[in-house]
Amino acid sequence: MTDYRLWGLIAAAGVGQRMDSEGPKQYHRIAGRPVLGWSIDALLGMPDVTGVMVVRNADDRYFETVLPSGDSRCSDCVGGAQRQASVRAGLAALRHWGADADDRVLVHDAARPAVRRDDIRRLIEQVADDPDGGLLAAPVRDTLKRADRDRRVASTPSREGLWQAMTPQLFPLGRLESALAMVADDAVTDEAQAMERLGARPRLVAGDPGNIKYTYPQDAYWLAWALDRKWTGEGA
Ligand SMILES: Nc1ccn([C@@H]2O[C@H](COP(=O)(O)OP(=O)(O)OP(=O)(O)O)[C@@H](O)[C@H]2O)c(=O)n1
Ligand SMILES: C[C@](O)(CO)[C@H](O)COP(=O)(O)O
């Protein structure tokens with residue numbers, strides 16, 4: 001028996017600079033539907049999630065096309081110039097919607113449409129009761145190289161203990177608000193890093209490395225393959 005609720009927050013206010021495409025990448029159609037639609041479904045598909053707040057860009061003209069029709073568990077708000085400003089805006093909107101400081105929030109990138117449902121479930125099971133929270137991540141699998149200014153190998157750092165951070169990331173809402181209030185929006189690239197600054201030690205939950213972030217055009221090949229085959233576990 002828990003005395004908190006679980007909410008979802010989807011950061012979808014980016015401009016996709018590295019994608020260098022016409023429209024925002026979260027609205028690119030992959031395997032028959034917009035990237036953002038897949039990501040919303042991933043969180044709405046979790047039975048324990050009370051509501052999902054989608055943080056969109058102020059200039060977003062496409063959001064209505066992905067809003068799950070008639071689903072009162074989904075709402076939206078406007079984000080900011082940096083990812084963390086968008087997450088802060090989303091947390092404020094969740095508060096407005098009725099979320100409490102003790103509630104938990106799953107923060108997810110719109111740009112990670114192929115997260116596996118089993119991984120989200122394990123994240124919730126292992127982390128929801130932990131005040132330091134945690135995140136899906138994958139151990140670094142390749143040999144690492146540090147480059148010098150001429151892009152020649154300067155050194156081969158050990159990969160021991162190194163993980164790649166993914167999303168969702170799950171934290172107590174009030175602690176995450178405090179953590180983000182203490183850092184400049186461009187000083188951290190994920191919520192876990194802000195929590196670390198508070199002294200927290202977020203738990204790393206091993207997730208499938210296929211949960212890639214749609215960042216460059218070629219990422220669409222893997223995502224289309226995975227989403228077409230219901231690799232995420234949705235509807236399988
Ligand atoms: N001001 C911002 C910037 C990013 N994001 C979201 O954060 C997620 C991860 O960011 P990233 O992949 O870096 O997206 P973009 O910032 O859009 O891409 P780029 O860095 O290439 O511009 C994305 O779902 C993106 O929409 C956001 O909500 N608000
Ligand atoms: C949150 C994140 O997806 C974890 O890998 C990432 O930090 C997003 O920001 P980035 O600008 O793509 O590094």
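1. Ligand 1 is surrounded by 21 residues, of which A11, G14, Q17, R18 and S86 are the closest, a residue being counted when its C-beta atom, placed from the backbone, lies within 6 Å of the molecule. Strand 1 and helix 2 (83-97) are the elements that give two or more residues to this shell, helices being DSSP runs of H or I with at least four residues and strands runs of E with at least two, numbered from the N terminus. The shell divides into eight nonpolar, nine polar and four charged residues, where Ala, Val, Leu, Ile, Met, Phe, Trp, Tyr, Cys and Pro count as nonpolar, Asp, Glu, Lys and Arg as charged, and the others, Gly among them, as polar.

2. This is a predicted model, in which local features need pLDDT of at least 70 and side-chain atom pairs count only at pLDDT 80 or more, while totals for chains, interfaces and linings use all residues. Residues are numbered from 1 along each chain as its sequence is written, and chains are lettered from A and ligands numbered from 1 in the order in which they are written.

3. In helix 3 (residues 117-127), the buried residues are D119, I120, L123, I124 and V127, buried meaning 20 or more other C-beta atoms within 10 Å of the residue's own and exposed meaning 12 or fewer, with C-beta atoms placed from the backbone. Because they cover an arc of only 140° around the axis, they lie on the same side of helix 3, whereas D118 and E125, on the other side, are exposed.

4. L180, in helix 4 (residues 173-181), counts as buried because it has 21 C-beta neighbours inside 10 Å.

Conventions: Arc of directions from axis to C-beta.
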